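Please walk through this structure step by step. Start with the view below, then follow the text.

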Amino acid sequence: MISVAEARQRILAALSPVGPEVVALSAAWGRVLAAPVAARLDKPGADVSAMDGFAVRAEDCARPPARLRVVGSAPAGHPFRGTVGPGEAVRLFTGSVIPAGADSVVVQEDTDFAERGEGAGEVEIRVVPKPGAHVRPRAGDFAHGTMLLSPPRRLTARDVGLAASAGHAWLTVRRRPRVAILATGDEVTLPGDPVPEGGVVSSNGFVLESVVRAAGGEPILLPIAPDDPEAIAAAVAAARGADLVVTSGGASVGQHDLVRPALAPLGLALDFWKIAMRPGKPFMFGRVGDAALIGLPGNPVSATVCAILFLVPAIERLLGLPGAAPATVRARAGARLAANDHRADHLRATLARDADGVLVATPAARQDSSQMAVLAAADALILRPPDAPEVAAGEWVDVIPLGGRDI
Ligand SMILES: Nc1nc2c(c(=O)[nH]1)N[C@H]1C(S)=C(S)[C@@H](COP(=O)(O)OP(=O)(O)OC[C@H]3O[C@@H](n4cnc5c(N)ncnc54)[C@H](O)[C@@H]3O)O[C@H]1N2
Ligand code: MOO
């Protein structure tokens, strides 16, 4: 059995980024940028005012109060075409272009504007403006040609706004990796269908569909396959065009654990099978045809933990991102943790702050890999490295916080 780190490294090494596509800016949020974004214009495109007030020549206002003639008004989008001469001012608003001749802006609160109102022919300036006061210089945010966003990068709302402000209506992003999902098992039924004796309602397909979507992939949820090698092979063969095929169930050693032998006739090239971890030991990785294959254990908690640890990084790699391990934080153990065996353990835990504000991770009492209620209620997975010694309550442990990307 290989370690969690080696498994992730082998998965990432076997995958390469999918191709690009061009999308409208309105559809770009959350997508992964595939080409650099350089500014198509200066921002701002001219020296502009940061405040509502008056454009002046600072030298005219050296001895307040200074009485200036208001020679024009320049709302944002309507620049003043003349030049501000000695003893003159122009009425301005936030975003207005600074007229030629002026070098500073005096905010209207520092004038007699309140007494005179809009449209007066004169204004009294009551302060000494610093040259350049309240002026946003041309290209002060960015200049035409400045590199603003470099790939690979998952686009945030702020990135989308930046690209818009730089004049981009379209962005080149990675297409969404197509991930076919196949739940297997004679006992597995769909939610809403009658559940026969010994039946189990499929949750894995829906968890995986959600995880794929959250990671930026395009999930394709296939019909459930029975424990029949031909049916499993036919379903996987029909998923041609997928970048990645993810199966659930039939990954272990039992007589009905069929995925590996079922896919042999399709030319399954197995990279590795079994990871020294709990839950999720019977994890399979390889390739069938043009697609990578991840075979997940059927136990729901095992499938979900493996999806967080390996499927999310795999999709990130297909998107051209590094595919890093889930981030960890330090917390104090909320209870004694027994010494671990040779499999890295991932204990479902709740997080809370103690009286000093220190994060405390308390493991759930039940850690069976079938317990979905415990998993959904958990805030974190406590990491227990292979062969870790016993940990007393209050000692520091590493935890993976859950809930990122709403997983
Ligand atoms: N003799 C051994 N038995 C088992 C071993 C082992 O090493 N030796 N490993 C155990 C471990 S660890 C795990 S994890 C499971 C994984 O087994 P499989 O991947 O073969 O999964 P199944 O047997 O098909 O199912 C296990 C369990 O999960 C339920 N299940 C299956 N599919 C779904 C689904 N889509 N949604 C919800 N639940 C599902 C299924 O009904 C079973 O209860 O093997 C251990 N056994
Ligand atoms: O690894 Mo299994 O996933 O222990 O239940």
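**Around the ligand, then into the core**

A backbone N or O atom of Lys281 sits 3.0 Å from an oxygen atom of ligand 2. Keep in mind that this is a predicted model. Two side chains also reach the ligand. In Arg343, a side-chain N or O atom is 3.1 Å from an oxygen atom of ligand 2. In Ser369, a side-chain N or O atom is 2.5 Å from an oxygen atom of ligand 2. Other residues around ligand 2 include Arg278, Pro279, Gly280, Asn299 and Ser302.

Now step back to the whole chain. The domain assignment gives four entries. Domain 1 covers 4–17 + 176–318, and domain 2 covers 20–42 + 143–174. Domain 3 spans 48–136, and domain 4 spans 329–406. The C-alpha centres of domain 1 and domain 2 are 33 Å apart. Their contact takes seven residues from domain 1 and four residues from domain 2.

Next, look inside. Nonpolar side chains tend to be buried together in soluble globular proteins. Here the largest nonpolar core has 42 residues. Leu244, Met277, Phe283, Ile294, Phe310 and Leu311 have the most contacts inside this core. Several elements each supply at least two of its residues, among them helix 1 (4–14), strand 14 (178–183) and helix 4 (204–215). Strand 18 (244–248), strand 22 (291–296) and helix 7 (300–318) do too. Helix 7 gives the largest share, 13 residues.

Pick out Phe310 to see the packing. Leaving aside residues up to four places away in sequence, Phe310 touches Val4, Ala7, Arg8, Ile11, Ile275, Met277 and Phe283. A second, separate core has 20 residues. Ala251, Ala262, Met284 and Val288 are among them.

Finish with helix 1. Its buried residues are Val4, Ala7, Arg8, Ile11 and Leu12. Why are these residues on the same side of helix 1? They cover an arc of only 130° around the axis, which puts them there. The face of helix 1 turned away from the buried side carries the exposed residues Ala5 and Ala13.

Definitions and conventions. Residues numbered from 1 in each chain as written. Chains lettered and ligands numbered in written order. Predicted model: local features only at pLDDT ≥ 70, side-chain atom pairs only at ≥ 80, totals over all residues. Heavy atoms only, no water. Core = buried A, V, L, I, M, F, W, Y, C linked by side-chain atoms within 4.5 Å. Buried < 20%, exposed > 50% of the residue type's maximum accessible area, 1.4 Å probe, protein only. Helix = DSSP H or I, 4+ residues; strand = E, 2+ residues; numbered from the N terminus. Contact = heavy atoms within 4.5 Å. Near = heavy atom within 4 Å. Polar contact = N/O pair within 3.5 Å; in protein donor to acceptor, adjacent residues only side chain to side chain. Arc of directions from axis to C-beta. Domains from an automatic or database assignment.
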